[in-house]
Amino acid sequence: MSQTVLDDISRSRAPVRKRSRFGDVLFRRSSLGVAAGLIALLGLMVWVLAQNGDHVLAHFGIHFFTGRSWNPVTETYGALPFIFGTLVTSAIAIVLAVPVSVALALLINEVRLGWLRNPLTVLVDLLAAIPSVVYGLWGLFIMVPWFDHTVEPFLAETVGRIPLLGALFRGNPNGGDLLSAGVILAVMILPIVTAITREIIAIVPNELREAALALGATRYEMIRMSVLPYARGGIVGATMLGLGRALGETIAVAMVVGNGLGLGASLLRPGYTIPAVIANEFREASSIGFHRSALLALALTLMAIALVLAAMSRLLVGRTAKLLAGGGTAEGAAAPSAPAVSG
Amino acid sequence: MKRSIFSGALALSVMLLAAGCSSNSSPSNSTNSSFKGTAMTGAGATFPAPVYTQWFKSFLSVESGAKINYQAIGSGGGIQQFTSKTVDFGASDAPLKDAEAASLSRPAFMFPTVLGGDVVAYNLPGVTAHLKLDGPTVANIFLGKITKWNDPAITSQNPGVSLPATAIQVVHRADESGTTFVFTSWLSQESSDWMSKVGAGKGVQWPVGTGGNGNSGVAAGIKQTQGAVGYVEYQYAVSSGLGFADIKGKSSSDYVSPSVDSISKAAGSLQLPITSSTNILDSTAAGAYPIASTTYLLIYKDLTPLGKDKAQTIYDFVYWALTKGQQEVSGLNYAPLPSTVAQQDLQQLTQLTYNGQGIQPSPSVK
């Protein structure tokens with residue numbers, strides 16, 4: 001296209017361009033406003049939480065984060081069991097959900113499924129529309145009894161006998177526990193991780209696939225050499241979004257995690273998470289004394305954990321991008337990465 | 001069933017009667033002069049909510065305008081909203097603490113309304129008889145010191161019952177609740193070990209076990225696990241068909257099975273006015289269930305700020321609830337107040353004032 005043609009086009013559309021310039025300004029201003037408002041909202045939330053929680057942080061100091069005792073009767077508040085439980089259940093969820101999600105996304109994109117493709121996509125998306133309290137009820141009345149009587153005794157009998165790894169599956173498998181909560185969370189974050197991974201794999205340029213196939217790669221080698229490296233940054237981002245949901249999930253976890261202050265290697269014992277303890281205790285927490293303040297400080301702690309993990313994911317994505325630089329891959333697909341604590 | 005047919009027939013005849021009255025163009029004897037009541041709002045305890053809901057519904061047939069909106073948000077929230085005067089009356093399972101009473105801007109009364117109890121429920125297939133447990137044993141189970149159902153401490157109290165060697169799985173409340181407050185207060189009275197290691201509160205640091213959400217969460221935990229033991233409110237245990245134990249407290253002469261009757265008896269020695277330390281645990285009355293509790297309505301002494309209609313409505317409602325309303329309580333598996341307590345309650349009611357003067361019950365509630 002030559003310069004004169006471009007000029008022709010711009011001349012003929014001059015009035016439109018003028019209006020669109022005004023539109024541009026309007027758009028920029030309003031989106032700036034929304035962005036600033038979002039940051040202000042976050043700041044306000046942190047400020048309110050800090051304002052109400054600093055009472056307990058000033059009193060207990062570092063012991064608030066390292067203490068193992070949470071006792072409203074004696075007014076001793078240590079958050080370690082909750083931090084531990086939150087991280088462990090989320091980790092189980094990620095370990096279980098991400099491989100399944102990536103496999104599902106590859107299945108939908110890379111394997112010719114025929115008529116099965118659309119129903120499968122819709123079904124995975126539908127999982128995201130189920131309210132978390134329904135997951136919780138299902139977990140409490142169906143999954144936990146099944147785990148207690150079948151799955152967990154089996155795990156304790158088999159994996160539990162292996163040294164080191166076995167320590168995760170020892171003890172008494174009765175009632176809600178960390179493993180049940182992790183599995184519920186895995187099911188809950190599956191849709192979001194799958195949906196994003198699916199989209200990211202869909203935008204991998206076909207040239208890359210064709211190049212790999214042209215070099216004689218099998219379908220599996222093509223996925224491993226072309227698709228996954230390109231999509232890696234995006235998959236990390238999707239994982240982080242899933243992690244954000246897992247960290248912040250409240251009611252389903254409160255129903256199946258066992259709500260005990262356990263702190264140990266075994267996943268078959270009751271645990272407790274930060275959102276669960278806030279949901280359980282906030283309604284009746286007295287504003288006289290430290291109790292309410294301690295719960296708000298826990299909320300602040302959860303935000304800090306989410307922030308640290310988000311920063312780590314950014315670093316991770318950045319590093320992968322750098323490692324793969326030269327090929328110019330990974331760059332385009334690194335979009336979503338900040339974990340948003342939902343719930 | 002019979003009962004519901006009867007009450008249905010009664011309701012039908014009342015409706016027919018009312019229809020007859022309204023179709024009659026001349027106003028019946030008292031519709032003009034009688035007080036119809038007005039809408040009100042209350043908030044607080046969840047434990048008595050089923051009774052209160054039933055009462056508000058029945059009271060509409062006494063004063064047709066008295067639409068009472070009760071928000072069962074928990075005792076803590078009830079006290080808070082009552083203190084900040086966003087509701088006309090509050091409700092709490094625990095009496096106001098001294099600090100809470102001191103933060104009220106005006107003096108208020110606590111009216112006991114109904115009674116309930118905590119039962120120790122368990123899941124032991126094959127054990128059909130009610131287990132017998134005394135206070136220290138229950139405390140040691142929940143402390144994790146007794147870990148098997150065939151522990152000598154349990155078998156010695158249950159001669160003739162063959163108890164399995166199943167491990168005991170403790171299930172407790174995870175959310176904070178008046179139920180937990182009652183149960184842990186009782187355990188603190190029964191066991192010095194419990195008092196020093198755990199103590200009493202709406203939420204405590206449980207030495208063992210898993211936590212369920214609400215009565216339903218605890219009941220689910222008990223039903224799903226063989227060998228489980230937990231505590232739930234009496235009316236919940238009855239309606240969900242859980243097995244529960246006969247309890248012997250430190251003041252009981254024998255094991256007492258929880259029932260509407262035995263819980264009612266526990267309040268026999270209750271003295272008004274209610275103070276922060278009032279409770280009806282370990283009653284010395286014969287046949288009284290040891291883990292019983294009462295629940296309170298919170299009402300300001302001076303009702304002037306509510307206005308004349310609301311002041312009269314709230315007075316009438318409490319008057320009615322303490323007299324005729326008590327007959328509806330046991331049908332819901334709650335225990336009615338013993339007449340000695342209801343009398344003291346009514347006595348306290350006469351101390352409410354509007355514009356510096358006492359209030360008289362409307363003729364319709366008498």
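Buried means under 20% relative accessible area, exposed means over 50%, and partly exposed is in between, using a 1.4 Å probe and protein chains only. This is a predicted model in which local features need pLDDT of at least 70 and side-chain atom pairs count only at pLDDT 80 or more, while totals for chains, interfaces and linings use all residues. Residues are numbered from 1 along each chain as its sequence is written, chains are lettered from A and ligands numbered from 1 in the order in which they are written, and side-chain values use heavy atoms, with hydrogens and water left out.

**View 1. E75(A), a non-glycine with a positive phi.** E75(A) has a phi of about 60°. Look for E75(A) in the loop between β1 and β2 (76-77) of chain A; helices (H or I, at least four residues) and strands (E, at least two) are DSSP runs, numbered from the N terminus. With 28% relative accessible area, E75(A) counts as partly exposed.

**View 2. W70(A) and its polar contact with E281(A)**. W70(A) sits in strand β1 (residues 70-71) of chain A, and its 3% relative accessible area makes it buried. The side chains of W70(A) and E281(A) are joined by a polar contact of 2.9 Å. That term stands for a pair of N or O atoms within 3.5 Å; within protein, one must be able to donate a hydrogen and the other to accept it, and residues adjacent in sequence count only if both atoms are side-chain atoms. The two residues are 211 residues apart in sequence, and C-alpha to C-alpha they are 12 Å apart in space.

View 3. K85(B) is partly exposed, at 40% relative accessibility. Next comes a cis peptide bond, from L272(B) to P273(B), with omega near 0°.

**View 4. The largest nonpolar core, around F142(B), F183(B) and F317(B)**. These three have the most contacts inside this core of 104 residues. A nonpolar core is a set of buried Ala, Val, Leu, Ile, Met, Phe, Trp, Tyr and Cys residues joined through side-chain atoms within 4.5 Å. The core lies between domain 1 (7-116 + 293-365) and domain 2 (118-268 + 275-292) of chain B, because both give residues to it; the domain bounds come from an automatic or database domain assignment. Setting aside neighbours within four places in sequence, F317(B) is in contact (heavy atoms within 4.5 Å) with W55(B), F56(B), F59(B), I68(B) and L297(B). Another core, of 79 residues, lies apart from it and includes V124(A), A217(A), V256(A) and I274(A).

**View 5. Confidence along chain B, from helix α1 to strand β8**. Chain B has a mean pLDDT (the predictor's confidence in each residue, from 0 to 100) of 83, with 91% of its residues at 70 or more. For the model, ipTM is 0.72 and pTM is 0.78.
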